[in-house]
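Welcome, and thanks for taking a look at this one. Please have the sequence and the model open while you read.

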Amino acid sequence: GGSVPHGDQEVVLSLERMNSVQRIDPVAGVLYCQAGCGLEELQSRARDDANLLLPLDLGAKGTCQIGGNLSTNAGGQYYYRY
């Protein structure tokens, strides 16, 4: 489970170096980023650069990556509100 391959047919793909924010469109309310961006960093950039709220709230927001959040449909408590 997790990031441990079981057998020789599986691989672990690390996206931690794909961590840049491409751009933020404040008019459309869209943030373009790579899959390895940390959730806490994205929330800070959205708030500081465009006065936007990224409504994901997870206990692991300092270490989780947005690609993992999207692939597992993780949202946290504020996700349902917005």
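## Asparagines with positive phi

N73 is found in the segment after α2, where helices (H or I, at least four residues) and strands (E, at least two) are DSSP runs numbered from the N terminus. Although N73 is not a glycine, its phi is positive, at about 60°. At 60% relative accessibility, N73 counts as exposed; buried means under 20% relative accessible area, exposed over 50% and partly exposed in between (1.4 Å probe, protein chains only).

N51 is a residue other than glycine that also takes a positive phi, near 55°. N51 sits in the loop between α1 and α2 (66–72), and N51 is exposed with a relative accessible area of 69%.

## Ground rules

This is a predicted model, in which local features need pLDDT of at least 70 and side-chain atom pairs count only at pLDDT 80 or more, while totals for chains, interfaces and linings use all residues. Residues are numbered from 1 along each chain as its sequence is written, and side-chain values use heavy atoms, with hydrogens and water left out.

## The hairpin

Strand β1 (residues 21–25) and β2 run antiparallel and are joined by four bridges; two strands pair if DSSP finds at least two bridges between them. Across the pair, I24 stands opposite L31 in β2. Four residues lie between the strands of this hairpin, and G29 takes a positive phi near 75° in it.

## The second largest pocket

What lines the second largest pocket? The lining is made of G29, V30, L31, C33, L42, A46, L52, L53, L54, P55 and I66. A pocket here is an open set of points on a 1 Å grid over the protein atoms alone, where a 1.4 Å probe fits, with protein on both sides within 12 Å along at least five of seven lines; lining residues have an atom within 4 Å of a point.

The elements giving two or more residues to this lining are β2 (30–33) and α1 (39–50), and β2 gives the most, with three residues. The second largest pocket holds about 170 Å³ of space, a volume being the space filled by probe spheres set on the grid points, which are joined across faces, edges and corners.

## The largest nonpolar core

V21, I24, C37, L39, L42, A50, L56, L58, C64 and I66 are the 10 residues of the largest nonpolar core, meaning buried Ala, Val, Leu, Ile, Met, Phe, Trp, Tyr and Cys residues joined through side-chain atoms within 4.5 Å. The largest share of this core, three residues, comes from α1.
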